[in-house]
Amino acid sequence: MLRQFELVERVKSYDPTADEDGLNRAYVFAVKMHGSQKRESGDPYFSHPVEVAGILTEYKLDYATIVTALLHDTMEDTAASHEDIEKLFGSEVAFLVEGVTKLSKIQAQSEHNKQAENFRKLVLAMSEDIRVLLIKLADRLHNMRTLHFCKKEEKRLRIARETLDIYAPLAERLGMNKMKDELEDLAFQQLHPEAYQSIISRLNFLREKGGDLIERIVQQLEEDVREIGDDADVYGREKRPYSIWRKMQRQNISFEQICDIMAFRVVVPTVADCYHVLGIIHTKYPMIPGRYKDYISTPKSNGYQSLHTGVIGPVKQRIEVQIRTRDMHEVAELGVAAHWEYKQNMAPTVDGKKFRWMRELLDLLNDSSNSDEFLENTKISMYNDQIFCFTPKGDLFNLPKDATAIDFAYAVHSNVGDRCVGVKINGEIRPLRTILQNGDQVEILTSKTQTPSPEWERFVVTAKAKAAIRRFIRNQKRTQFTELGKSLIQNLYKENKVAFNDKEIEAVLTHFKKDSLDDLYVMMGEGIVLPSDVFYKIHPEKRSTLQRVVEIFKRKPNKINKSEKNNLIKGLVSGIALHYSRCCHPVPGDKIVGIVTTGKGVAIHKADCNMLKKYAHEPERWLDIEWNDNIDGVERLFPVRVRITVADKPNALATISTAVSKAGSNISHLFTTEKSTGFMELSMDVDIKNTAHLEEVIAALKALPVVVSLTKESN
Ligand code: MN
């Protein structure tokens with residue numbers, strides 16, 4: 001453990017103005033307050049804050065940060081109060097200790113799905129003062145270093161996972177690569193002990209076999225770069241176990257297949273030297289294509305700068321070489337802490353250029369609804385194909401990319417999905433089909449009377465939601481077909497003046513190979529079994545009326561056959577059944593073709609409709625047709641279906657219908673496909689004359705402020 005005077009000396013070495021007395025008092029205060037408390041390792045508790053302070057001195061952090069590190073657990077774990085600390089160490093330290101304490105309290109709060117919540121809090125803490133976060137990171141690093149003392153496996157795994165998911169990416173985001181590397185390796189060791197051990201032992205084996213390989217390469221490289229002067233430092237190291245493992249996972253390769261487990265670093269005085277060294281190395285050693293990266297001209301968003309290249313090195317082995325200046329090296333190791341300005345004022349200063357992302361982040365965070373952006377940038381960079389959203393209670397749900405609010409609802413529970421009527425995303429009412437973003441807080445609004453809409457199936461992405469919607473619709477259809485089938489056969493009974501009796505129908509179930517009455521009704525409703533067949537099976541004596549009965553049944557699907565429609569099209573036999581296909585919604589003015597379909601007469605398609613490919617090999621079905629230009633001098637109108645999202649305002653519908661009528665059209669049919677507080681989705685049929693007229697109507701609608709979006713339903 002770091003001794004009191006050692007700690008003070010370390011701080012004084014980089015900040016001679018630091019208040020020595022304050023540091024001493026803080027050290028003593030921590031020892032006194034933690035008293036006889038023990039760590040799981042058996043060490044006295046106060047060794048922990050002292051070590052945390054020690055870690056932060058490596059980053060040359062300011063006086064207030066070091067004092068806070070010493071005191072960081074006193075407010076939570078001991079009798080010390082905010083007032084005590086403020087009186088003894090001033091308001092800045094008290095504020096920082098409070099910040100760290102708040103973070104820890106939040107962590108302890110919701111055991112369930114605490115990750116997401118922790119993350120939010122970290123983000124918020126960071127927006128207040130980034131030093132709170134740095135102390136928290138050092139706190140976590142020391143806890144990770146001593147994690148093996150923890151006896152509960154479940155707790156160890158949880159902390160390790162959290163470290164890997166949240167703290168390591170945060171450290172990386174802050175450019176603190178050294179800390180990130182150590183956090184990752186410690187977590188990896190806990191989470192995958194066997195993989196960790198196997199990588200370690202293979203590295204040992206290679207080391208024994210290769211002897212002083214790294215040392216030999218370093219010497220060779222030193223010689224190579226001597227021409228730029230004496231002022232170049234060359235370091236060599238093995239890659240870290242976690243980064244080796246990640247590479248094995250990512251590329252699905254074995255340890256033996258990893259060629260460059262050695263990395264070398266050349267640190268030089270100036271940027272010009274960097275490119276000079278790069279030139280030397282590329283001249284002497286064959287470069288591996290695709291491995292050269294220039295982070296000097298294009299720094300990473302966390303401020304990292306270096307040249308990276310891969311070459312077949314001095315001993316004919318693939319090696320990675322990083323070339324950077326001393327300044328860049330300091331930034332790479334220490335990140336944001338390398339830019340600490342602790343002499344002038346105590347507040348953190350963030351180098352405008354290199355840490356622009358952080359300033360932007362801090363701005364973003366002032367608007368708390370945007371903290372998801374941060375979540376996206378750090379943790380989530382590891383899970384590109386997934387998003388994380390949570391309920392208002394902080395329960396975390398992991399969904400595939402492009403998931404909508406409805407997917408979320410079904411992920412919560414199928415009952416929630418079946419009944420969702422609306423959604424609040426980050427407190428704002430949004431349409432149910434909204435695609436969720438990382439970090440969204442999603443509150444599903446439900447209603448007992450709501451049922452899933454078939455429309456939903458088009459935009460949900462999760463299998464669970466799809467299956468649930470289909471199941472519901474199947475059941476619903478079944479109910480409808482049952483009723484339809486039953487009414488069809490009841491009509492037959494009525495027409496034949498026979499009293500309806502379902503016992504009679506039950507008696508013929510086996511003949512139709514059905515298990516239940518409902519099954520047979522469904523079959524009749526769907527038109528698979530003719531009701532007349534069933535009826536005549538039961539009452540063969542009534543067979544004489546067969547023809548009429550079949551007519552009744554057939555009338556149903558042919559409803560669409562209105563004679564006047566035929567007049568609109570030239571080239572058809574008068575009276576033939578026809579319908580305008582729903583795939584392309586042809587309107588006068590479009591080039592059209594007719595397709596003879598089985599059972600439904602002639603389908604009218606636009607000549608360029610994609611569906612026509614289906615009939616390419618059946619020329620006998622194609623009919624040459626065209627629009628009748630002028631029928632009895634009467635202007636004919638065609639319904640075109642548009643899908644429209646409107647703000648749910650009192651006058652919305654009135655505004656829309658006025659606009660439609662002003663454009664010389666008419667709404668012939670209107671229904672809501674989705675309604676949530678704030679928005680309505682409508683399917684609307686507008687009567688139009690031709691394509692030019694359609695464009696006019698659409699333009700008029702789109703110009704309305706209440707219209708959020710509008711698409712023509714087709715293809
Ligand atoms: Mn602690």
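This is a predicted model: local features need pLDDT of at least 70, side-chain atom pairs count only at pLDDT 80 or more; totals for chains, interfaces and linings use all residues.

Me: OK, metal then. Which residues coordinate the manganese ion?
Reply: His-48 and His-72 each use NE2, while Asp-73 and Asp-139 each use OD. The distances run from 2.2 to 2.4 Å.

Me: What spacing do the donors follow along the chain?
Reply: The pattern is H-x23-H-D-x65-D. His-48 sits in helix α3, residues 47-58, and His-72 sits in the loop between α4 (63-71) and α5 (74-77), so the two histidines tie together parts that are 24 residues apart in sequence.

Me: Is His-48 buried or exposed?
Reply: Buried. His-72 is buried too.

Me: And α4, how many of its residues are buried?
Reply: Nine of its nine residues are buried. Among them are Tyr-63, Ile-66, Val-67 and Leu-71.

Me: New topic: sheets. What is the strand order in the sheet of three strands?
Reply: The order is β9-β8-β10, in an open sheet with antiparallel pairing. The edge strands are β9 (428-430) and β10 (442-446), each pairing on one side only. From one strand to the next, the twist averages 35 degrees.

Me: What holds strands together in a sheet, generally?
Reply: Strands pair through backbone hydrogen bonds, either parallel or antiparallel.

Me: How many bridges do β8 and β10 pair over?
Reply: Five, in the antiparallel sense, with β8 covering residues 420-425. Val-423 has Ile-444 in β10 as its bridge partner. Ile-425 has Val-442 in β10. On the β9 side, Ile-425 has Glu-428 as its bridge partner.

Me: And how many bridges join β8 to β9?
Reply: Three, and those strands also run antiparallel. Their hairpin has two residues between the strands, and Asn-426 there takes a positive phi near 50 degrees.

Me: Which helix lies across β8 and β10?
Reply: Helix α19, residues 405-412. Its direction is at about 80 degrees to β10.

Me: What about the loop between β9 and β10? Where does Thr-434 lie?
Reply: In that loop. Thr-434 has 14% relative accessibility, so it counts as buried. The cut-off for buried is under 20%.

Me: What does Thr-434 touch?
Reply: Ala-403, Thr-404, Ala-405 and Ile-425, not counting residues up to four places away in sequence. Val-423 is eleven residues from Thr-434 in sequence, and their C-alpha atoms are 9.0 Å apart.

Me: How many bridges join β18 to β19?
Reply: Nine. In this part, Thr-672 stands opposite Leu-682 in β19.

Me: Tell me more about α28. How far does it reach from its first C-alpha to its last?
Reply: 16 Å, close to the 16 Å expected for its twelve residues, 691-702.

Me: Which residues of α28 are buried?
Reply: His-693, Leu-694, Val-697, Ile-698 and Leu-701. Seen down the axis of α28, they fall within an arc of 135 degrees, so they line one face of the helix. They pack against β17 (638-647), α27 (652-662), β19 (679-688) and β20 (707-712).

Me: And the face turned away from the buried side of α28, which exposed residues does it carry?
Reply: Ala-692, Glu-695 and Lys-702.

Me: Last one. Where is Ile-217?
Reply: In helix α13, residues 213-224. Its relative accessibility is 0%, so Ile-217 counts as buried. Leaving aside neighbours within four places in sequence, Ile-217 is in contact with Met-262, Phe-264, Pro-314, Val-315 and Ile-319. Tyr-235 is 18 residues from Ile-217 in sequence and 9.6 Å away in space, C-alpha to C-alpha.

Methods:
Residues are numbered from 1 along each chain as its sequence is written. Side-chain values use heavy atoms; hydrogens and water are left out. Donors are N, O and S atoms within 2.8 Å of the metal (3.2 Å for Na, K and Ca); water is not among the atoms, so sites may look incomplete. Helices (H or I, at least four residues) and strands (E, at least two) are DSSP runs, numbered from the N terminus. Buried means under 20% relative accessible area, exposed over 50%, partly exposed in between (1.4 Å probe, protein chains only). Two strands pair if DSSP finds at least two bridges between them. Axes are lines fitted to C-alpha atoms, for helices over the stretch in contact, and angles run from 0 to 180 degrees between N-to-C directions. Contact means heavy atoms within 4.5 Å. The expected span of a helix is 1.5 Å times one less than its number of residues. The arc is that of the directions from the helix axis to the C-beta atoms.
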